[in-house]
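Trainee: I am new to this structure. Please show it to me, and then I will ask about it.

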Amino acid sequence: MFNKKTIEDIDVQGKKVLVRVDFNVPIKDGKVGDDTRIRAALPTIQYLLDHGAAVILASHLGRPKNGPEAKFSLRPVAEYLGTLIKAPVKFAEDTIGSSAVQAAATLKPGEVLVLENTRFYPGEEKNNEELARAMASLADLYVNDAFGTAHRAHASTEGVARFLPGVAGFLMEKEIRYLGQAVASPEKPFVAILGGAKISDKIGVIRNLLAKADTILIGGGMANTFFKAQGHEMGDSLVEDTALDTAKELLEQGGKKLMLPVDMVIADKIEEGAQVKTVPVGPVPAGWKVVDIGPESRAAFAKVIADAKTVVWNGPMGVFEVPPFDEGTYALARAVADSGATSIVGGGDSVAAIQKSGLADKITHISTGGGASLEMLEGLELPGVAALQDK
Ligand code: ADP
Ligand code: MG
């Protein structure tokens with residue numbers, strides 16, 4: 001299934017190893033906020049250090065548009081990393097320039113060097129060959145552990161692997177194993193839960209999962225577009241009018257596999273203290289909007305989930321950011337936690353919702369990649385993975 005070499009398949013002793021990590025973390029007032037992504041890269045970094053490598057870390061941070069900008073610097077991340085690991089952590093003020101070249105040249109086994117933000121170079125996102133070559137020249141080996149950007153063919157995620165032998169890190173391996181296995185050879189019954197804001201973001205995922213899953217449970221804003229395609233007026237709800245034809249087609253294609261809510265929570269505004277009603281699926285009055293799946297839907301979905309052996313979940317069932325419109329999402333989180341199924345949650349907001357629910361430790365695998373996890377669920381091969389050496 002996972003047929004790429006990993007860091008365990010190569011000899012890293014005494015080698016300089018360039019590792020693409022996903023250190024795209026929130027920075028506030030020069031300090032690291034949520035450090036989940038940094039911690040997720042530690043097993044790979046620690047393994048390389050323990051096996052005698054000199055470790056050079058490359059990452060992007062944010063979306064700098066015009067070259068170097070202090071607020072997108074990886075310096076605070078390098079400092080923070082120094083507090084998490086015992087090894088000395090150095091920082092280079094550029095990615096491929098003279099300070100990077102010098103720091104890399106003098107780096108010793110057991111030491112870590114963090115390069116400055118790869119996106120300070122416009123060539124990064126263009127997968128520029130010169131940039132990829134220059135990054136490759138800093139090291140002997142390349143490791144990709146940045147699952148969150150593996151769906152992008154950028155200089156540091158794909159181009160560099162043309163000039164250095166490339167293998168997967170532990171995080172990459174784990175992500176691809178769980179998401180790849182769930183889609184390619186799931187233990188059945190295989191149930192997918194899809195929600196979130198829009199159908200248009202996830203058409204590829206719905207199509208691919210229709211072929212693979214036993215049941216797809218639909219909630220969130222995307223259910224509204226299906227309801228409108230069935231002829232219901234949706235009031236002031238979020239509806240994608242441009243996706244109505246696609247929704248019709250998916251309904252026909254999906255048949256009984258596609259399970260829609262039978263009732264819904266509607267509100268006059270998306271705020272705490274709004275007027276709220278539970279209504280069966282049908283026309284939504286003007287001035288009202290659907291904000292969550294209703295209690296009967298939660299029970300019906302939970303019943304399907306209880307029998308599942310594999311559950312993949314992307315997209316919250318309602319506007320979970322605003323209580324009480326988080327109740328449908330939490331009810332399903334509870335159902336997934338109780339099911340005993342192998343469970344995989346992907347998507348930025350979905351992961352945030354699971355973490356808020358307090359049930360994250362009951363989930364088998366929580367993906368660190370939003371877009372990348374969606375592309376896996378679409379059944380696509382990620383360019384950052386394709387570029388690595390086969391076993
Ligand atoms: P993910 O990041 O997990 O892929 P999405 O970004 O697709 O998920 O969707 C998450 C967003 O969908 C949340 O901000 C949530 O408020 C919104 N959402 C869910 N249900 C509704 C709804 N009924 N109406 C409007 N927005 C909704
Ligand atoms: Mg999102």
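Trainee: In which loop is P324 found?

Mentor: This is a predicted model, in which local features need pLDDT of at least 70, side-chain atom pairs count only at pLDDT 80 or more, and totals for chains, interfaces and linings use all residues. Residues are numbered from 1 along each chain as its sequence is written, chains are lettered from A and ligands numbered from 1 in the order in which they are written, and side-chain values use heavy atoms, without hydrogens and water. Helices (H or I, at least four residues) and strands (E, at least two) are DSSP runs, numbered from the N terminus. P324 is found in the loop between β15 (310-314) and α10 (327-339).

Trainee: Is the peptide bond from P323 to P324 cis or trans?

Mentor: Most peptide bonds are trans. The bond from P323 to P324 has omega near 5°, and it is cis.

Trainee: What is omega for the peptide bond from K188 to P189?

Mentor: P189 lies in the loop between α5 and β9 (190-194). The peptide bond from K188 to P189 is cis, with omega near -5°.

Trainee: Is D29 buried or exposed?

Mentor: D29 sits in the loop between β2 (27-28) and β3 (31-32), and has a positive phi of about 50° although it is not a glycine. Buried means under 20% relative accessible area, exposed over 50%, and partly exposed in between (1.4 Å probe, protein chains only). Because its relative accessibility is 78%, D29 counts as exposed.

Trainee: Is N127 buried or exposed?

Mentor: N127 is in the loop between β6 (112-114) and α4 (129-136). Its phi is positive, near 55°, in a residue other than glycine. With 16% relative accessibility, N127 counts as buried.

Trainee: How are the rings of Y47 and F170 arranged?

Mentor: Rings of Phe, Tyr and Trp (its six-membered ring) pair if their centres lie within 6.5 Å; planes under 30 degrees apart count as stacked, over 60 as edge-to-face and the rest as tilted. A search of the whole structure finds 1 aromatic pair. The ring centres of Y47 and F170 are 5.3 Å apart and the planes are at 85°, so the pair is edge-to-face.

Trainee: How many residues apart are Y47 and F170?

Mentor: Y47 is in helix α1 (residues 36-50) and F170 in helix α5 (residues 170-184). The pair links distant parts of the chain, and the separation is 123 residues.

Trainee: How many residues of helix α7 are buried?

Mentor: Helix α7 covers residues 220-229 and is mostly covered. Its buried residues include M222, F226 and F227.
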